[in-house]
Amino acid sequence: MPFSSYITNTRRGTTSWAQSLLPSTATTPTPKSKLSARKSRKRTLLINFLFTNFFTIALSVSLFFFFLTLLLFGIPKPISSHFKSKPTRLSKPRKPLYRKPDNVAVSEAKVDITTKDLYDKIEFLDVDGGPWKQGWRVNYKGDEWDNEKLKIFVVPHSHNDPGWKLTVEEYYDRQSRHILDTIVDTLSKEKLLWLLFGVEISNLLDIIVEKYLDDCVLKCGGNVEDVRRKFIWEEMSYLERWWRDASEIKRESFTNLVKNGQLEIVGGGWVMNDEANSHYFAIIEQIAEGNMWLNDTIGVIPKNSWAIDPFGYSATMAYLLRRMGFENMLIQRTHYELKKELALRKNLEYIWRQSWDAEETTDIFVHMMPFYSYDIPHTCGPEPAVCCQFDFARMRGSVYELCPWGQHPVETNQDNVQERALKLLDQYKKKSTLYRTSTLLIPLGDDFRYISIAEAEAQFRNYQLIFDYINSNPSLNAEAKFGTLDDYFQTLREEADRINYSRPDEVGSGQVGGFPSLSGDFFTYADREQDYWSGYYVSRPFFKAVDRVLEQTLRATEIMIALLLGYCQRAQCEKFPTGFAYKLTAARRNLALFQHHDGVTGTAKDHVVQDYGTRMHTSLQDLQIFMSKAIEVLLGIRHEKSDQNPSQFEPLQVRSKYDAQPVYNAISAREGTSQSVVLFNPLEQTREEVVMVIVNRPDVSVLDSNWTCVQSQISPELQHDKRKIFTGRHRVHWKASIPAMGLQTYYIANGFVGCEKAKPAKLKYLSKSNSFSCPTPYTCSKVEGDVAEIRNQHQTLTFDVRRGLLQKISRINGSQNVVVEEIGMYSGLGSGAYLFKPNGDALPIIRLGGLMLISEGPLMQEVYSYPSTAWEASPISHSTRIYNGDNLIQGFIIEKEYHVELLDRDFDDKELIVRYKTDIDNKRIFYSDLNGFQMSRRETYDKIPLQGNYYPIPSLAFMQGFNGHRFSVHSRQSLGVASLKNGWLEIMLDRRLVRDDGRGLGQGVMDNRAMNVVFHILVESNISSISNSVSNPLPLSPSLLSHLVGARLNYPLHAFIAKKIQEVSVQSSLRSFAPLAASLPCDLHIVNFKVPRPLKYSQQPPEGSRFVLILQRRHWDSTYCPKGRSQCVSVADEPVNLFSMFKGLAVLNVKATSLNLLHEDTASLGYPEQLGDVAQEGHVIISPMEIQAYKLELRPNE
């Protein structure tokens, strides 16, 4: 493996920045005395003698002392610290009170700190703090530890990105597999040396006996460990890969190290996921995938989370971890000004509480690291120039770069150990003053560290000498040792139980006393010099969109597999779904892999992005093929479908390769033929909406599953080409009704007697070109005037004809909202994959002129615009659609679809936005979602730059004015959003950047793809009390209608068309499939319905609980229409009975479980108490905002 793979692995540009801000003075190393020189000469003679007679001396001495020790004393214990970690104990939250879970039960959490308060208070002046550039000169008196000794846990770790500069497989082959080998070897070997010689072995002897030692370890089965040595590991993607390659001896050694507490698995997700762009469904999946593999393989369940590298932190993550049984979290990348403020008041450790949680059921303990980075120079204390001297992997001659401060690590020995230990302890004590307790955490690692035994030995050997010195000098009032994250948290909790660290009037928590409570999130992250990491919210938006498509397709497939196995009555029909288990597992893991904080963020090298994209594309194809076959079984076409048989159906939309836009398969619709279309509804409510397919011929009719005629509309298919906007194909729209989680069949026919053909839309056009040709069979006319309108029964949209942009929204009740659509571009030379650093405001790019086409039909009306810009080929075209139909949720929305192409050098260092300039008086306050789970209040501050006021929008953002008018934008993918002026809401669509932004990636973002961005815009008004969103510091919730709109956008219908064309005279008997007894309440969402272990399904006893149902109760703003205006029968104010949920299926053995499916003591997870026995009665109570998981068994009714 090349040394360059280590040397160039500087993370996020930390060293280059540190070097540019070096202290101007340096401490001169103390020269060795003459006495030291004489000792060195004597030591050389001794070493030469030992080399010459090594085997005789070593064998004789080792055997003599080994047998003598065993005979007289037994196996001696290694030198250890006097303080011990307490055994694992469960959290002790205050007992939650039962409260009927009606929607208004969500209330304000009482906390000591909110992130809004921090932003209001901090001045963001970026003051130079000296050696700790972002802090201050830290000092201590010296008597702080007289009563409670300083307990130092040094935690060795290696941060292993599953893809960044290299692909996950390249990293594994070159680095991660060697690191895992090294962990097993170095944590296992030193105890054997200690047993053989009775003392700590010197450098020389360690080198001499290396070969002998390796042989001994192999002969001993790898079962000898020095329990002083510790390590933590996070990423299961690498561990699972290593496990497949590892020998039985290596596996056993690894397991023993975990079981005896030397090696802790922290987090244990498939990856360390991003927290800005990832959807909560994918976060749950990736953590559960890793945790379940770990538990099945090694038999442990993580309880401490370690997230040192995500670029900002979401409160959703804290909630999900708490509901998975985690007790503690560690985070690192938060705004440096927030760190400083928290450190000044010793609030870097706190209880993270959700903003709606008045009963403290979501509390989880958090440790925030105080300094710039997680590397060794920035973790031992506030002075990186000193801390770097204790990164012994950087000693001269190593593969890593030397310390940029000019003072480098040296080998620790008996001559310099005092000076070295006191210098390091000084940093430890300074860091300790930033926290409340006398228990101190010191991470010891960096990216892809501990890659060789020599490196690991350098760290362990030198630190152990320093620890031994500190521990042998009681006057220092300190004890130090290697530890795991669990060692630290357990000791801290034990100290907090003994000593009251609470402040007067501090709310705190009943879970862990002595610490403040906090609510809010930590976006947007800035690491230095007002550099804000808001660019990655949008980088590689094409693949952010693919991520959501894979997510929704995986969820739909999971539901189908669960239904196939649930309705299966004999072993034969299990073969088809269980035979797909390997590809299903691969799809889960490919989705999980992309949640990595350099995956979905768009911050990896080009070839790594290609690897992620190829993996997702492969899984998408596998899932769609399976679904195409599964619908045949569910509809009763075939009862025993083999995975080898070709399917009779194919997906309506297909992708030719990993980076291609999806295209529609067209229905040929020849005269006298018909083709069936099957729609799958993945949601838990019956769905009525206008759907669309593509046909080659316009003279078609639509029929339902009973061969009854359905009203339909036809309009031309459009494309992003101003010379030829018509493709020659046609879009057929009709209103479909699909049962909850079920299937419905429709037919597209040509020549069916008695059915009216699809009604052609009327076209209006505006074009400077005289070559506009009206396609057949449509009638065309020119647009007259400066404005144009389209309308349905709920709203009228007004457009500026000269630019093709939206101007105004008028509703049926007479109210109007100015909504001026503007498309603009930011320019600047500082932006990169991570950073957004514009040079001023975005400038509009749309000029007068361009091409505009209006389609008007009974079901769908559309305004298409190919605008005039400074470029010959416009970087954007867009469509605005509204839908007609009674009781359609679609009728209330405005659908915006932007086609974006930043594909050539004309758009270098440009960032494209759409801006909605409304008359809503929001005072630059808006709300954006966190991971599609909850909303967060955002406020634009003048004291931070424009880019610092950008926030992630994974799925929703809205503004609200004093008059109760609300303007919401639902997004089909994650992007970035801001409200830079009163009434404005802008969303960034794509960015093309030439330069690297100095955060380690080493390239810009130039691999843009043509893509479509889809928004659903909703304008609403209060129907009751009006909340003052400006003075209210809490996040507001979406309306019930808004929730339903978002669900339909994020979980669209899955459409399949028959491969075989049939004669109209042959009317097949395809019907529908409706597995639910009734639609679920509108505020109840099935997050997932799955078989978690499909590979083991047939081996598990039927009396077990082989299925999992995960439910979420949405909280909605009751000042807006409570029934969602349409299609809403009920809300979940009363218990839901799982026993009667499914039609034709008996639900058995219901057991509540954690979200990672590994804990069944739900009281310890913070859940409110249930009414009655779920297993006996099947009744489930879910409070608003909660997600609850249930294991169950399904059996067909007799």
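Two strands pair if DSSP finds at least two bridges between them. Strands (E, at least two residues) and helices (H or I, at least four) are DSSP runs, numbered from the N terminus. This is a predicted model, in which local features need pLDDT of at least 70, side-chain atom pairs count only at pLDDT 80 or more, and totals for chains, interfaces and linings use all residues. Residues are numbered from 1 along each chain as its sequence is written, and side-chain values use heavy atoms, with hydrogens and water left out.

**View 1. An open sheet of six strands.** The strand order is E1-E11-E7-E8-E6-E5, and the pairing is mixed. Strand E1 (113–114) and strand E5 (304–307) are the edge strands, each pairing on one side only. E1 pairs with strand E11 (residues 517–519) in the parallel sense, over two bridges. Threonine 114 has serine 519 in E11 as its bridge partner.

**View 2. Helix H12 across the sheet.** Helix H12 (residues 315–322) lies across E5, strand E6 (328–331), strand E7 (349–352) and strand E8 (364–368). H12 runs at about 130 degrees to E8. Such angles run from 0 to 180 degrees between N-to-C directions, and axes are lines fitted to C-alpha atoms, for helices over the stretch in contact. Contact means heavy atoms within 4.5 Å.

**View 3. Two edge-to-face ring pairs.** Rings of Phe, Tyr and Trp (its six-membered ring) pair if their centres lie within 6.5 Å; planes under 30 degrees apart count as stacked, over 60 as edge-to-face and the rest as tilted. The whole structure holds 57 aromatic pairs. One of them joins tyrosine 140 and tryptophan 145, edge-to-face, at 5.5 Å centre to centre with 75 degrees between the planes. Phenylalanine 311 and tyrosine 536 have ring centres 5.1 Å apart and planes at 85 degrees, so this pair is edge-to-face. The pair links distant parts of the chain, 225 residues apart. Both phenylalanine 311 and tyrosine 536 are buried. Buried means under 20% relative accessible area, exposed over 50%, partly exposed in between (1.4 Å probe, protein chains only).

**View 4. Charges over rings.** A charge sits over a ring if NZ of Lys or CZ of Arg is within 6 Å of the ring centre and within 35 degrees of the ring normal. The charged end of arginine 966 sits over phenylalanine 958, 4.2 Å from the ring centre. For arginine 1106 over tyrosine 1097, the distance is 4.0 Å.

**View 5. Helix H16.** Of the 19 residues in H16, 18 are buried.
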